Amino acid sequence: DRLRYSSLRGAQDIHFNMSDHVVTQSNTAQPEQVMMFTPPSKEVMDKLGKDLVGHWESVPGTKWIGGCIPLKVDYKMNVYAPTGDEDVYLNESEADVTCCFCIKMHRTTTGRSSSGGLSFEEIGQDEESLHQLSSRTVDHMRDDAGSNLVTCQVDGTDHDGLRVSRQDTFRFSNTGDATITSTATKPYAVKWELKKVSRVPKPLSDRFLQKKEQRAKVLQNSVQIVSDADIDAAVRFCDDVLSAPTLMLLPPTLEKRGSVFGKHRTVTYPVARIETPDAPALVVKIEIPSRGVWDASVLTASGACVARWSQKAKWYKPPSRSCALFEWGCKRFGVVGVEENQHRCGVSAPGQAIYAKGPTQDVVFAEDLYSKRNDWKAFGGKFMAFYILGLPCMAYAHLKADGEPYEALFKTFRGTEIGGFKIEKHRQCCVSGDDSLPKTEAVVHFGNMTAEQRRLALVAIMQGAALAAHPSEGGGGGGGGGGRPGGDDARGAARLGRCAVKARRSCRR
């Protein structure tokens, strides 16, 4: 199953693996590895699902993060068998975490799974928890003893919003014993093991029950604000707009009020279909009362709210490092956040990557490192090694970069390119922080995205737009709807200068 997909960098070869994940092949993209395996039969999966039901506990011991940070985790999980005709397994878990022998935390999650209980979706139950994970089966085999070994790839975010990537290996022996070995690479390299200690789920702690009840009350109150019929109609309309292969983001309006530091800013982004650019179908409104704090919402043209999320400032996290939960249709849908700077030839790219994680899929939105615009910026960065003598060449290169289109890409967590973003004219060099939003329309190419990924793509773009609408200190964000993707070019030039020598050597190789 192969087809051609015309992306911003030309035609791409696309094929589908057995789990219907799109995988692109190009010289510059780094697609996810295709894991070809024979999926277990339904009879085998049903048996494995029954073996999964019960009470699980972590193997006692202290883990070390980075070789210097001790971490002790007491983890308990219940997996419940499906009820009725549905093939849905429910799970609940809690973890008592002790870091550095003195910092104690209590984390709780709930989830649901299918395919024999091995492919799951999981969210955190704690207040303001950003925990959201999903998994897919990537391997199945039998060892010499006849035990079933099933490997699942798990991606998402942890309770603090940090990107998670790990592999869970389930081992089901013929004698009824079962273990789960988790090997994580993000956000930290760590390995731990769970053992099934009972075939019957056991009651969890009172603290878990209190958090679960509190979470249920919050969800009930949020649903009662608007009628279900109005919510469903707005969501269907928005999904219909996003189903187009291409959308246009019209130039935003920026309104500033007050004279306090940072001022109160309101950014409004009209979203229109290509065929009707003068009649916006959706409007994204971002209210920024102060630095690092904003409320964003996706509205229909009639004013019905489809999605919303709020960013709260934290003293230990700048705006460009914060994460937020977002709702779609008045229900929790996912997490949006910002990753560290990208690199090309040892030089930091001018922006960060914005990621959005939904119930089962994910999107990363970042400036194309290999666009002509970044070619000129990387070229200018090499001259910073000559200090004053190199400044005219660097300034010339950045002015040339401003003449090239701004291009960004959408990828999955595993590196598969799935869409693109382009602004024909977007000036960044010698521009003040209040003038960093685009003055012309932007075009979003959804490519082969699913309905869930299209929602995530819109949220990721607007998270970047909120970052770009901040004063000059708070840039960042992989394009941010065409906003300033990492601060003004003065700070970008300084980063390029610090890495210039390394860039010259890397590019030679």
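1. A salt bridge here is a side-chain nitrogen of Lys or Arg within 4 Å of a carboxyl oxygen of Asp or Glu. With that criterion, a search of the whole structure turns up 14 salt bridges. Please keep in mind that this is a predicted model, where local features need pLDDT of at least 70, side-chain atom pairs count only at pLDDT 80 or more, and totals for chains, interfaces and linings use all residues. Residues are numbered from 1 along each chain as its sequence is written, and side-chain values use heavy atoms, with hydrogens and water left out.

2. Now the overall picture. The chain has eight helices and 27 strands; these are DSSP runs numbered from the N terminus, with helices being H or I of at least four residues and strands E of at least two. Of the 509 residues, 52% count as buried (buried means under 20% relative accessible area, exposed over 50%, and partly exposed in between, with a 1.4 Å probe and protein chains only). Taking contacts (heavy atoms within 4.5 Å) with a separation of 6 or more, 52% are between residues 24 or more positions apart.

3. Which residue does Lys 211 meet in a salt bridge? Its partner is Asp 126, at 2.4 Å from N to O. The pair links distant parts of the chain, 85 residues apart: Lys 211 is in helix H2 (residues 206–223), and Asp 126 is in the loop between strand S9 (119–124) and strand S10 (132–142). Lys 211 is buried at 19% relative accessible area, and Asp 126 is buried at 8%.

4. Two other salt bridges link strands. Arg 308 and Glu 327 meet at 2.8 Å, N to O; Arg 308 is in strand S20 (residues 305–311) and Glu 327 in strand S21 (residues 324–328). Arg 308 is partly exposed at 32%, as is Glu 327 at 24%. Glu 407 and Lys 422 meet at 3.9 Å, N to O, and these two also belong to a network of salt bridges with Glu 424.

5. Lys 357, in strand S23 (residues 347–357), deserves a look. This lysine is buried yet has no salt bridge, and the nearest side chain of opposite charge, Asp 362, is 5.0 Å away (Lys and Arg count as positive, Asp and Glu as negative; His and the chain ends are not counted). The Lys 357 side chain does make a polar contact with the side chain of Ser 134, at 2.9 Å. A polar contact is a pair of N or O atoms within 3.5 Å; within protein, one must be able to donate a hydrogen and the other to accept it, and residues adjacent in sequence count only if both atoms are side-chain atoms.

6. Ser 182 lies in strand S13 (residues 178–186) and is buried, at 3% relative accessible area. Its side chain makes a polar contact with that of Asp 168, at 2.6 Å. Beyond neighbours within four places in sequence, the contacts of Ser 182 include Arg 166, Val 190 and Trp 192.

7. Strand S7 (residues 89–99) has nine of its eleven residues buried. Strands pair if DSSP finds at least two bridges between them. S7 runs antiparallel to strand S6 (residues 69–80), with ten bridges, and antiparallel to strand S8 (residues 103–114), with eleven. In the hairpin of S7 and S8, Cys 100 takes a positive phi near 60°.
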